[in-house]
Amino acid sequence: MTGPAIAPAGSGASERYEAVIGIEIHCQLKTASKMFCGCSTEIDGAAPNSHCCPVCLGLPGVLPTINKTAVEYVIATGFAIEATVAATTRWDRKNYFYPDLPKGYQISQYQLPLAANGRLTFDTSAGRFTVRVRRAHLEEDTGRLIHDELDGRRVSLIDFNRSGMPLMEIVTEPDIRTAEQARRYAEELRLLMRTIGASDAEMENGQMRVEANVSIRPRGREAFGTRVEVKNMNSMRAVERAISFEIERQAAEIDAGGTIRMETRGWEDGSQSTYHMRPKEEENDYRYFPEPDLPPLLTTPEWLAEIRARLPELPAARRARYRDAFGLSAYDAGVLVNDAAATALFEGALAAGRGVPVKLLANWVTGEYMRLAKEDARGGSADPAELAALVKLVADGAISGTNAKEVLADHFSSGRPVASIVESGGFRQISDAGALRAVIDEVLAANPAAVADYRSGRAAAVAFLVGQVMKATRGQANAAMVQTFLRERLDNVE
Ligand SMILES: [Zn+2]
């Protein structure tokens, strides 16, 4: 192994250094009420401090009650990542002072997390990769500070609507070695959250918050380098870019003879770089102790069995099924399963359209549908039964692939039924042999020069004649049949 001192000039940081990355993710759980009180979790767009009560404001003398659904989401996640779900768990107080935390402590889980020792496996461009998950536990969110200006003075306001929202924290072991693995891990976890229904996990609005601990070490060395915490990554792309940037920054620092200091850095999309937020000289001492207002939580085998039985088909199993039962390629199965809306459309179309060819359907979902969905800004959608009907028309040769794209685009934006778009748009393909032969005869008679060209060995003349037939039928002729019949006529007529 080469050390930094003898590295060839100009080599990338990744050749000389190995990155060691651990990820912490907070997911806002999709419950109707908050973690320890009855306040609604519908806080998006609500007036500040309109969704609070004495419990989530931390007033003296109130008692928390546990949200059972939140607990079940974490247990379900635990099963989904093959973790050990605790038979007994308990709540701890994490004590610290901050204005957005009126109680002076956050109720969390410290020594006995609900789930521990799990793993998550996913595909990357360099192959399959498994990350060990150290723990998944429940906690409550804090309020939100808003820094603003009021009557010419700078003020900090507090909105307690978020206070007490249920959060699941999921922490990996430092197994991740590249920025791409980190992004793929976060994407796979997001997909898992959405599949289970535990969280919508939208990064843009804070339902999923990803933090990365990043350090580097010369390749071949065991000891970890000094780690830097990276925050404020509000998209999957930002996760990958921020970690890449951080690896390069640390390598450049060490190469220049400097040292890495423990700190928290924030990602800034504008400059595509991380910046210093605050030093992190030592681990904070939160003086955890068991929450006296809540009893330990016992998870009975019956309850766990019930939660396990309710688990939907998980992404890994679904990809395998698409490959094995439907013959989809690993790539297509991945593209389809990684997009929850595409998966729902595919499954719905399969259920609605008996006998629809599965591979062709998969191609239409991963191709045209996903392209439309990506370009769409006005909330278009495809109905599963309508898509199944369209794919059947294509499979039966009743409509050409080119016209089917137009029909799908129309249906996607207008919602009109496929059958009426096909009829009113004249999209139905002419596959009647007699009708096509009649048109071909007319075209051949009208283009003697092209026919002569073909017979003198210019095979390319066929393309011109096919084009003439398509023109004569306003694009409705079955192109494959036109090719066949044209060649028959050209090769057999004396
Ligand atoms: Zn409340």
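Two strands are taken to pair if DSSP finds at least two bridges between them. In the predicted model described here, strand β4 (residues 92–95) and strand β15 meet this condition, since they are joined over two bridges in the antiparallel sense. Within this pairing, arginine 93 is placed opposite phenylalanine 289 of β15. The two strands belong to an open sheet of three strands, arranged in the order β5-β4-β15 with antiparallel pairing. The edges of the sheet are formed by β5 (105–108) and β15 (289–290), each of which pairs on one side only. Strands of a sheet pair through backbone hydrogen bonds, in either a parallel or an antiparallel manner.

At the level of domains, the domain assignment of the protein gives three units. Domain 1 is made up of two segments, 21–214 and 282–298, whereas domain 2 covers 321–424 and domain 3 covers 433–492. A distance of 32 Å separates the C-alpha centres of domain 2 and domain 3.

Two helix pairs were examined. Helix α9 (residues 358–375) packs with helix α10 (residues 384–395) at an angle of about 120°, and the axes of the two helices are 10 Å apart. Angles from 65 to 115 degrees count as roughly perpendicular and those over 145 as roughly antiparallel, with such remaining values termed oblique; α9 is therefore oblique to α10. The crossing of α9 and α10 is right-handed. On the α9 side, the contact is provided by Leu360, Leu361 and Trp364, which meet Leu387, Val391, Val394 and Ala395 of α10. Classified by residue type, this contact of α9 with α10 contains seven nonpolar residues, with no polar and no charged ones.

The other pair consists of helix α13 (residues 433–446) and helix α16 (residues 479–492), whose axes come within 10 Å and cross at roughly 55°. This angle makes α13 oblique to α16. The handedness of the crossing between α13 and α16 is right-handed. Residues Ala433, Leu436, Arg437, Ile440 and Leu444 of α13 meet Met481, Val482, Phe485, Leu486 and Arg489 of α16. By class, the contact of α13 with α16 comprises eight nonpolar and two charged residues, and no polar ones. Arginine counts as charged, and the contact includes Arg437 in α13 and Arg489 in α16.

Note on methods:
Residues numbered from 1 in each chain as written. Predicted model: local features only at pLDDT ≥ 70, side-chain atom pairs only at ≥ 80, totals over all residues. Domains from an automatic or database assignment. Axes fitted to C-alpha atoms, helices over the stretch in contact; angles between N-to-C directions. Helix = DSSP H or I, 4+ residues; strand = E, 2+ residues; numbered from the N terminus. Parallel < 35°, antiparallel > 145°, perpendicular 65-115°, else oblique. Left-handed = near helix turned anticlockwise from the far one by under 90°. Contact = placed C-beta atoms within 7 Å.
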